[in-house]
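Have the sequence and the 3D view ready as you read.

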Amino acid sequence: MDEKDRSRILSPYKKVLQWIDDTRAATNPHFEEAHNILYRAKKKFEQQRSREAETWTKPSDKIGGHSKM
């Protein structure tokens, strides 16, 4: 999740936020490398979902056409 969502969702949970920060510090640079890969994958999935949504919302040329059956 991005920083905005992280803050919104986890802000009441100070111990969880501290644990995340401690884990990040203890595992860097690997933590950041892994999360960069995950963020790129998330972006690709969002782009794919957006393209698919556009395909589903476009009117079909077949609407109102006659069946070949």
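## Helices and salt bridges

R8 counts as exposed, because its relative accessibility is 58% (buried means under 20% relative accessible area, exposed over 50%, partly exposed in between, with a 1.4 Å probe and protein chains only). Keep in mind that this is a predicted model, where local features need pLDDT of at least 70, side-chain atom pairs count only at pLDDT 80 or more, and totals for chains, interfaces and linings use all residues. Residues are numbered from 1 along each chain as its sequence is written, and side-chain values use heavy atoms, with hydrogens and water left out.

**R8 and its partner**

- R8 pairs up with D5 in a salt bridge, and their closest N and O atoms sit 3.4 Å apart (a salt bridge is a side-chain nitrogen of Lys or Arg within 4 Å of a carboxyl oxygen of Asp or Glu).
- You'll find both R8 and D5 in helix α1, 3 residues apart, which is about one turn of the helix (helices are DSSP runs of H or I with at least four residues, strands are runs of E with at least two, and numbering starts from the N terminus).
- D5 is partly exposed, at a relative accessible area of 26%.

**A network of salt bridges**

- The structure has 4 salt bridges in total.
- D21 and R24 join side chains in one of them, at 3.7 Å from N to O.
- D21 and R24 are about one helical turn apart, because 3 residues separate them in helix α2.
- R24 also makes a salt bridge with E32, with 3.0 Å between the closest N and O atoms.
- Through shared partners, salt bridges link R6, D21, R24 and E32 into one network.
- How exposed is D21? It is partly exposed, with a relative accessible area of 34%.
- R24 is partly exposed at 21%, and E32 is partly exposed at 31%.

**How the two helices pack**

- Helix α1 (residues 3-10) packs against helix α2 (residues 14-27) at an angle of about 140°, and their axes are 9 Å apart (axes are lines fitted to C-alpha atoms, for helices over the stretch in contact, and angles run from 0 to 180 degrees between N-to-C directions).
- That angle is why α1 is called oblique to α2 (under 35 degrees is roughly parallel, over 145 roughly antiparallel, 65 to 115 roughly perpendicular, and the rest oblique).
- On the α1 side, the contact uses E3, R6 and L10, while α2 brings K14, V16, L17, I20, D21 and R24 (contact means heavy atoms within 4.5 Å).
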